Amino acid sequence: WICNSRVVLESISPGDIAKETRELDLDKDNLPMERALGLHWCIVTDVFKFRITIQERPCTRRGILSVIGSVYDPLGFLPPFTLPARLICRIFLRKNVDWMSV
């Protein structure tokens, strides 16, 4: 169990708290980053953070779709950032660009 409120964490029995948080001194230690739903959750600020590693791909229709497909976003937070690449793919589709064309 994990929470971003130190008061709540202090009221929970130590056996029910997440392993990473049990050894922390809640008065002076920073709360760790936690993984939730495949994303990184910053407990202190209560925000999700994304760590995306984009591998180098050729600048082709296939390469762009490969990069777009590799972005894991189960909650749908990233479309404002992936939309430009999707629009490029739409242009390629309308112009009948081959999968391997540069």
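Okay, so let's start with the rings: this structure holds two aromatic pairs. By a pair I mean rings of Phe, Tyr or Trp (its six-membered ring) with centres within 6.5 Å; planes under 30 degrees apart are stacked, over 60 edge-to-face, and the rest tilted.

Quick heads-up: this is a predicted model, where local features need pLDDT of at least 70 and side-chain atom pairs count only at 80 or more, while totals for chains, interfaces and linings use all residues. Residues are numbered from 1 along each chain as its sequence is written, and side-chain values use heavy atoms, leaving out hydrogens and water.

So, how are Phe 48 and Phe 77 arranged? Their ring centres are 5.7 Å apart and the planes sit at 35 degrees, so we call that pair tilted. Phe 48 is in strand β3 (residues 47-49), and Phe 77 is in the loop between α3 (61-69) and α4 (79-94), so the pair ties together parts 29 residues apart in sequence. Helices (H or I, at least four residues) and strands (E, at least two) are DSSP runs, numbered from the N terminus.

Next up, Phe 50 pairs with Phe 77 edge-to-face, at 6.2 Å centre to centre and 80 degrees between the planes. Phe 50 is in the loop between β3 and α3, 27 residues from Phe 77. Put together, ring pairs link Phe 48, Phe 50 and Phe 77 into a cluster.

Buried or exposed? Phe 77 is partly exposed at 38% relative accessible area, Phe 48 is too, at 33%, and Phe 50 counts as partly exposed at 28%. Buried means under 20%, exposed over 50%, and partly exposed is in between (1.4 Å probe, protein chains only).
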